[in-house]
There are 2 protein chains.
Amino acid sequence: MAIRVSIYEDNQPLREALSALITDEDDYTLVGAFGDCLHANDQTYSLQPDVVLMDIDLPGRDGIQAVTGLHREFPNVDVLMLTVFDDDDRVFRALCAGASGYLLKQTTPDQILEAIQSVYAGGAPMTPSIARKVIQTFPARIGHSADLDQLTTRESQVLQYLAKGLSYKLVAAELNISVETVRTHIKRIYEKLHVHSVTEAIAKYRG
Amino acid sequence: MAIRVSIYEDNQPLREALSALITDEDDYTLVGAFGDCLHANDQTYSLQPDVVLMDIDLPGRDGIQAVTGLHREFPNVDVLMLTVFDDDDRVFRALCAGASGYLLKQTTPDQILEAIQSVYAGGAPMTPSIARKVIQTFPARIGHSADLDQLTTRESQVLQYLAKGLSYKLVAAELNISVETVRTHIKRIYEKLHVHSVTEAIAKYRG
DNA sequence: CAACAGCTACCATAATCATGGGAGTGGCAG
DNA sequence: CTGCCACTCCCATGATTATGGTAGCTGTTG
């Protein structure tokens, strides 16, 4: 049985190249190729692909959202993300959303076919560099940036509440201290983490 | 510069085979080969390898513990795990402990060299089946609050950059749009997510 | 074509945050 | 006991963010 593949890629030349690649192989059947993923769920329902190739950066509705929807409705369909960039954050979110693998567009045709085969067989193909990023997100993170360790108990608490989205006022209320004190803690935090805003501090805090 | 490699493998014939493989290649230098990992840290300190090949199943002290120690003391040294079996669970734990990739012992010599090269270049070689296991550990944020899906591509991008700690001004620069436009996007984001500040939005965005 | 969604841009006002300063308390180590 | 650190609090100024309104441009859809 040939593997049924559908493609979502807004770049037309690339979409056609991928389509040709799939079509020319006996072991693969191209069931659809689209320039956007607005109706990915409907299309997946009627075309019944085994594997979906999805560009991560599509106009209108981006690939990550599409993956979220697809994964919820068709957990058995494997989604391979395509991207030009080696963009950590989006890779991470795509994988969280349920993507099964991740390919850079510069991947060779042979590797793409291999990846489709592999994901269909229950694997999760990704380039070594992406794999590295993925495993770096593991709990291991002992490298804690050292800066974080310098925060006192109170400062950490303040930062935690801020990360939850609370304002100074609410943090103060939560910790039963004055807003001014919260300010002071935050000033120290900024000095220690070498940042200048709440969001930066949180970004650093999150690793 | 040749890549400095050390080996930990209790099976003598295999250890010798690996040693020979490394030694025979000009681009690799074998700096040590041992039957146990009891003194892995000391040895790593004195031999200064770039890449360590570590059997996952060593007598006395197993490879995973060794990785934990190595990774803490020498975060720049890459560790490749070796295993006979496609033992998901242990490979998985090794990766958590800080290993950078893993190889089946049945891997061909060429592939082994390639993997060493790849890990040294910042990659994380692993088979698709392990990779799949790895990504399945990702937070399967399914409840995604549905609010998030309502964000348009542009809005998501803005929020992403904010989450990285950038100010409006920097986000604008990053996306090549005016600060005012960033403001507008943020206003929409707030409406859709029902929040009133950047940090709240990020908190919601992070799940 | 008209309506709508998405991206772009500007202005004004109010609220919040950033930064720098000063200051008092209690505890702990030298 | 004295300096140091963590924690607490206050003030003032300037920068940034929040909110609301307005509006042109594009592409899609009914």
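The legends below describe close-up views of a predicted model.

**View 1. Protein residues surrounding DNA strand D.** In this predicted model, DNA strand D is surrounded by 19 residues, and the closest are Thr152(A), Ser178(A), Thr181(A), His185(A) and Tyr168(B). Sorted by class, the surface near DNA strand D holds nine polar, six charged and four nonpolar residues. Sugar or phosphate accounts for 61% of the atoms of DNA strand D that lie within 4 Å of the protein, and bases account for the rest.

**View 2. Side-chain contacts to bases and phosphate of DNA strand D.** In chain B, an N or O atom in the side chain of His196(B) lies 2.8 Å from a phosphate oxygen of DNA strand D. The elements that contribute two or more residues to the surface near DNA strand D are helices H7 (153-163) and H9 (179-193) of chain A and helices H8 (168-175) and H9 (179-193) of chain B, with H9(A) supplying the largest share, five residues.

**View 3. The open sheet of chain A.** Five strands of chain A, paired in parallel, follow the order S2-S1-S3-S4-S5. Strands S2 (28-34) and S5 (101-104) of chain A each have a single partner strand, so one side of each lacks a neighbour in the sheet. From one strand to the next, the twist averages 20 degrees.

View 4. Strand S4 (residues 78-83) of chain A runs parallel to S5(A) and is joined to it by four bridges, and Leu82(A) has Leu103(A) as its bridge partner in S5(A). Helix H1 (residues 12-23) of chain A lies across S1 (3-8), S2 and S4 of chain A, at about 160 degrees to S2(A).

Key
Residues numbered from 1 in each chain as written. Chains lettered and ligands numbered in written order. Predicted model: local features only at pLDDT ≥ 70, side-chain atom pairs only at ≥ 80, totals over all residues. Heavy atoms only, no water. Near = heavy atom within 4 Å. Polar contact = N/O pair within 3.5 Å; in protein donor to acceptor, adjacent residues only side chain to side chain. Nonpolar A, V, L, I, M, F, W, Y, C, P; charged D, E, K, R; others polar. Pairing = 2+ DSSP bridges. Axes fitted to C-alpha atoms, helices over the stretch in contact; angles between N-to-C directions. Contact = heavy atoms within 4.5 Å.
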